[in-house]
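Here are a few notes to read alongside the model. Take them one at a time, and keep the picture open as you go.

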Amino acid sequence: MWNRLKPALRKYREDYEFKTFTGAWLSFGITVLFAAYNGYLGIVQGSLWHGSIAGYYIILAVIREIILLSERKIRTQENRNKARLRTFRISSCFLLLLNIALICPIALMVMFEKPVTMGTIPAIAMAAYTTYKIIMASVNFGSKKKKLSGNILISELRAISLIDAIVSVLSLQNTLIMVNGGAESMLTLSAITSGAMYALVLVITIRLLMTKTSRAG
């Protein structure tokens, strides 16, 4: 069994594209689980917060699915760059929709809306997910750009992974406030951090779109 796994592990370490797409598939699975979990809480508890976060995760999962499934087909085509650019343009529309979808949950955090009381299990789950996303985003962000080999879809996966990590921090912040009773003294801090992180998400999105548009031209 080890002899079968050894080549795959070597490829994972040495092939940056393979490593990126493998990690993206794992992130896709986790995203689907969190979308289902928050959607369930949104319906059962009538929570606008959980419902809006579920919507965000659904769009995020759609973006990753578009990229991953398209890349699998693109690798068999001759003109890969043109096909990847077409996929990028389609997924970019969903990326803009993702930014719009974030307005609702972030507005709830800024207004300090707390429709439900959460327990420790959701807090632990969010903490674990946030830690995972921060580590993965940091590793990808620190990788040398020359490893991208001109694959536009890898750049987009890196960008949405960073956005996912930022939103995870926001979700964890709101979860911890709910668990601890949401003291009114946290309102200012919540508003400032939520606004700053959303601004960062917009910067990442705009920078990605402008950079790739200029390259396409």
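**Notes on the fold and its core**

1. Let's begin with the whole chain. Of its 217 residues, 46% count as buried. Please keep in mind that this is a predicted model.

2. Now for the secondary structure. The chain has eight helices and zero strands, so the pattern along the sequence reads α-α-α-α-α-α-α-α. Look also at contacts between residues at least 6 apart in sequence: 82% of them join residues at least 24 apart.

3. Next, the surface. The chain exposes about 11700 Å², and carbon and sulfur atoms supply 66% of that area.

4. Which residues have the most contacts inside the largest nonpolar core? They are Tyr57 and Leu98, in a core of 41 residues. At least two core residues come from each of α2 (16–44), α3 (48–74), α4 (80–101), α5 (103–110), α7 (152–179) and α8 (187–216). The largest share, 11 residues, is supplied by α3. As background, nonpolar side chains tend to be buried together in soluble globular proteins.

5. Setting aside residues up to four places away in sequence, Leu98 touches Tyr56, Ile59, Leu60, Ile63 and Ile163.

6. Finally, turn to Ser27, which is found in helix α2. Is Ser27 buried or exposed? Its relative accessible area is 7%, and buried means under 20%, so Ser27 counts as buried. Beyond its neighbours within four places in sequence, Ser27 is in contact with Arg64, Tyr132 and Lys133.

Terms used:
Residues are numbered from 1 along each chain as its sequence is written. This is a predicted model: local features need pLDDT of at least 70, side-chain atom pairs count only at pLDDT 80 or more; totals for chains, interfaces and linings use all residues. Side-chain values use heavy atoms; hydrogens and water are left out. A nonpolar core is a set of buried Ala, Val, Leu, Ile, Met, Phe, Trp, Tyr and Cys residues joined through side-chain atoms within 4.5 Å. Buried means under 20% relative accessible area, exposed over 50%, partly exposed in between (1.4 Å probe, protein chains only). Helices (H or I, at least four residues) and strands (E, at least two) are DSSP runs, numbered from the N terminus. Contact means heavy atoms within 4.5 Å. Accessible areas come from the Shrake-Rupley method with a 1.4 Å probe; for residues, only the protein chains shown count as cover.
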